[in-house]
Amino acid sequence: MWPEENNRLKKTFEFSDFTEAFAFMCRVAFLAEAHQHHPNWSNVYNKVTIELTTHDQGNVVTDKDRKLAEAIDRLT
Ligand SMILES: C[C@H](O)[C@H](O)[C@H]1CNC2=NC(N)=NC(=O)C2=N1
């Protein structure tokens, strides 16, 4: 389960290098499109930090965020 703080689910994923991190981001991008739910995220070299919140509901955590988080975890 991703920790919830400040109305966001937040998790950092670490990879061996930038190429692996960016490949993961590509896979998450397609997943986000499939869910019609998109991450706030950042990447520094081999790390990808993802924050999930539902802006349509005023930036709170909803089941859409929990479902996308579970799907992202299944990618790794
Ligand atoms: C119209 C479209 O489905 C909505 O704007 C979706 C798109 N992706 C989204 N992503 C996130 N994180 N929150 C939303 O409320 C949201 N809304």
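**Close-up views of the ligand shell and selected residues**

**View 1. The shell around the ligand.** The residues that form the shell around the ligand divide into no nonpolar, 6 polar and 1 charged. The model shown is a predicted one, and in it the ligand is surrounded by Q36, H37 and H38, together with T53, T54, H55 and D56.

**View 2. Ligand atoms facing the protein backbone.** A nitrogen atom of the ligand is placed 2.8 Å from a polar backbone atom of H38, while an oxygen atom of the ligand lies 3.2 Å from a polar backbone atom of H55. At D56, a backbone N or O atom is found 2.8 Å from an oxygen atom of the ligand. Of the 390 Å² of accessible area that the ligand has on its own, the protein covers 70%.

**View 3. The protein chain as a whole, as context for the close-ups.** The secondary structure of the protein chain amounts to 2 helices and 4 strands, which, when read along the sequence, follow the pattern β-β-α-β-β-α. The C-alpha trace spans about 35 × 25 × 20 Å along its principal axes. Because a compact globule of 76 residues would have a radius of gyration near 11 Å, the 12 Å of the protein chain agrees with that expectation. Of the 76 residues, 34% count as buried, and among contacts between residues at least 6 apart in sequence, 62% join residues at least 24 apart. The accessible surface of the protein chain comes to about 4900 Å², of which 49% belongs to carbon and sulfur atoms.

**View 4. T49 in strand β4.** T49 lies in strand β4, which comprises residues 47-52. With a relative accessible area of 18%, T49 is classed as buried, because this value falls under the 20% limit that the term requires. The side chain of T49 makes a polar contact, at 2.9 Å, with the side chain of T12. When residues up to four places away in sequence are not counted, T49 touches K10, K11 and T12, as well as N40, W41 and S42.

**View 5. L52, also in strand β4.** L52 has its place in strand β4, and at 0% relative accessibility this residue counts as buried. With neighbours within four places in sequence left aside, L52 is in contact with W2, N7, R8, L9 and P39, and also with V61, D65, L68 and A69.

**View 6. H35 in helix α1.** H35 belongs to helix α1, which covers residues 18-35. H35 is partly exposed, with a relative accessible area of 32%, because this value lies between the 20% limit for buried residues and the 50% limit for exposed ones. Leaving aside neighbours within four places in sequence, the contacts of H35 are with K67, L68 and A71; L68 is also one of the residues in contact with L52. The C-alpha atoms of H35 and D65, which are 30 residues apart along the chain, are separated by 9.8 Å.

Methods: Residues are numbered from 1 along each chain as its sequence is written. This is a predicted model: local features need pLDDT of at least 70, side-chain atom pairs count only at pLDDT 80 or more; totals for chains, interfaces and linings use all residues. Side-chain values use heavy atoms; hydrogens and water are left out. A residue is near a molecule or strand if one of its heavy atoms lies within 4 Å of it. A polar contact is a pair of N or O atoms within 3.5 Å; within protein, one must be able to donate a hydrogen and the other to accept it, and residues adjacent in sequence count only if both atoms are side-chain atoms. Accessible areas come from the Shrake-Rupley method with a 1.4 Å probe; for residues, only the protein chains shown count as cover. Ala, Val, Leu, Ile, Met, Phe, Trp, Tyr, Cys and Pro count as nonpolar, Asp, Glu, Lys and Arg as charged, and the others, Gly among them, as polar. The radius of gyration is taken over C-alpha atoms; the globule rule is 2.2 Å times the number of residues to the power 0.38. Buried means under 20% relative accessible area, exposed over 50%, partly exposed in between (1.4 Å probe, protein chains only). Contact means heavy atoms within 4.5 Å.
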